[in-house]
Amino acid sequence: MSLNPITSLYYIAPCCLLFLAVPWYAVELPRLRAAAASAAGLARPDVFVFGTNSLCAFALNLAVFLLVGKTSALTMNVAGVVKDWLLIAFSWTVIKDTVTPVNLVGYGIAFLGVAYYNHAKLQGLKAKEAERKAAATAVPKPDDAEAATRLLPEKDGGDGDRKN
């Protein structure tokens, strides 16, 4: 069964709502009620912030389904590793977060894994392309031509004469 990204969201969004509503009801709703009671009813949810967050979540889910649909789930995981590297580099350079030697070794191992994955995928693509070119330029043998004419349907009726 193959679904396009919008149809996938159509089926997955209600499940996400259900599974996120339970912890929201247990964790966030009491905090909202306490904030509303302490502010004498002046605490209201910001519709603009809620709406923009909802649109960002929708766009993110759509992008994930598009990426997985065009490539594979493994590619999505590799892209997630690259995203993590960018976040770590940002937090290390801009926010001045500390990175330990153990962290650097882990990032190095992850980098080698991604490099090996890309190398293996590129070799696979090259092999498929070479196989396709070889099949396109292959000269049929005389035996192959005879076999191909035997597989063609008869156009005259059944007198044994075949027209090409």
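A residue is called buried under 20% relative accessible area, exposed over 50%, and partly exposed in between (1.4 Å probe, protein chains only). The structure is a predicted model, in which local features need pLDDT of at least 70, side-chain atom pairs count only at pLDDT 80 or more, and totals for chains, interfaces and linings use all residues. Residues are numbered from 1 along each chain as its sequence is written, and side-chain values use heavy atoms, with hydrogens and water left out.

Cys 15 is partly exposed, at 42% relative accessible area. Cys 56 counts as exposed, at 53%. Zero disulfides are present, a disulfide being a pair of cysteine sulfur atoms within 2.5 Å. For Cys 15, the closest cysteine sulfur belongs to Cys 16; the distance is 6.9 Å, too far for a bond.

An unreviewed UniProt entry annotates residues 9-27, 47-67 and 101-118 as "transmembrane region". Such annotations may be inferred rather than shown by experiment; positions follow the numbering used here, and feature names are shortened. Residues 47-67 are 100% helix and 0% strand, with end C-alpha atoms 30 Å apart. Residues 101-118 are also 100% helix and 0% strand. Their end C-alpha atoms lie 26 Å apart. Helices (H or I, at least four residues) and strands (E, at least two) are DSSP runs, numbered from the N terminus.

Leu 3 lies in the segment before α1 (5-38). Leu 3 is partly exposed, with 37% relative accessible area.
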